[in-house]
Amino acid sequence: GNKVNVCEWSFNVTDDDKPSITCKAPLEFEIKSGDQCVYVLQSGDITELPEVYENSSLYTLVGVLQDGTDDDKITVNADGSYTGSITFQKGANTIRWTVTDGALNSAYCDQSVTVLDKVAPGINCGVDVSVDATDCNAKVSIVAPETSDNCGGTVTSSAVRLDTKAALTLVDNEATDNFPIG
């Protein structure tokens, strides 16, 4: 017979090429209601994910809130949807997007996120003031209204007389002026 010679080779294929990633334009979200000063990322809020360039189709894309908690993370699925959640504070925030390929090569980009507070401050004017007057004018003192803000900021109050449109000056949270009887 015929003899067959067999050769064997052993080789390793390595992937040393890092993926590349390009972040999209900065994001802006608005706090529109509620008593919280945060914005919780909702499904579909991020409509344009970073662009990823990788020599294989096996990679993961993860977004992590910089200076956030361990829970402030989203993982992008193959269909472009994402799982997880990020809670943004009012003001400037940053998502660090990291792409990692099957050989554990990775790259990242940072995307700016601004959260605006669009919730109006609260005001409680208290009770109406009644005064007994013996002449044509009554000296009336009113207490500044109670105010609140979902983000705990300073709320500035002002008072205006409806009859004269004159501004009242608040001193130690109290305004005093002469009002005509009627």
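The following legends describe close-up views of a predicted model.

Residues are numbered from 1 along each chain as its sequence is written, and side-chain values use heavy atoms, with hydrogens and water left out. In this predicted model, local features need pLDDT of at least 70 and side-chain atom pairs count only at pLDDT 80 or more, whereas totals for chains, interfaces and linings use all residues.

**View 1. The open sheet of 6 strands.** The strand order is β2-β10-β9-β5-β6-β7, with mixed pairing. Strands (E, at least two residues) are DSSP runs numbered from the N terminus, and two of them pair if DSSP finds at least two bridges between them. The edge strands, β2 (27-31) and β7 (82-85), each pair on one side only. From one strand to the next, the twist averages 20°, with axes taken as lines fitted to C-alpha atoms and angles running from 0 to 180 degrees between N-to-C directions.

**View 2. The pairing of β9 with β10.** Strand β9 (residues 91-101) and strand β10 (residues 106-117) run antiparallel and are joined by 10 bridges. Within β10, Tyr108 is the bridge partner of Thr98.

**View 3. The disulfide between Cys23 and Cys109.** A disulfide is a pair of cysteine sulfur atoms within 2.5 Å; a search of the whole structure finds 2. In this one, the S to S distance is 2.0 Å. The torsion about the S-S bond of Cys23 and Cys109 is about 85°, so the disulfide is right-handed. The pair links distant parts of the chain, 86 residues apart: Cys23 lies in the loop between β1 and β2, and Cys109 in strand β10. Cys23 is buried at a relative accessible area of 18%, and Cys109 is buried at 10% (buried, under 20% relative accessible area; exposed, over 50%; partly exposed, in between; 1.4 Å probe, protein chains only).

**View 4. The disulfide between Cys37 and Cys151.** The sulfur atoms of Cys37 and Cys151 are 2.0 Å apart. Their S-S torsion is about 100°, so this disulfide is also right-handed. Numbered in sequence order, the bonded cysteines of the protein chain have the pairing 1-3, 2-4.

**View 5. The nonpolar surface patch at Trp9.** Trp9, Phe11 and Val13 make a patch of about 490 Å². Patch residues have over 30% relative accessible area and no salt bridge, with nonpolar side chains (Val, Leu, Ile, Met, Phe, Trp, Tyr) joined within 5 Å and like charges within 9 Å; a salt bridge is a side-chain nitrogen of Lys or Arg within 4 Å of a carboxyl oxygen of Asp or Glu. Accessible areas come from the Shrake-Rupley method with a 1.4 Å probe; for residues, only the protein chains shown count as cover. Trp9 is exposed, at 72% relative accessibility.

Methods: Helices (H or I, at least four residues) and strands (E, at least two) are DSSP runs, numbered from the N terminus.
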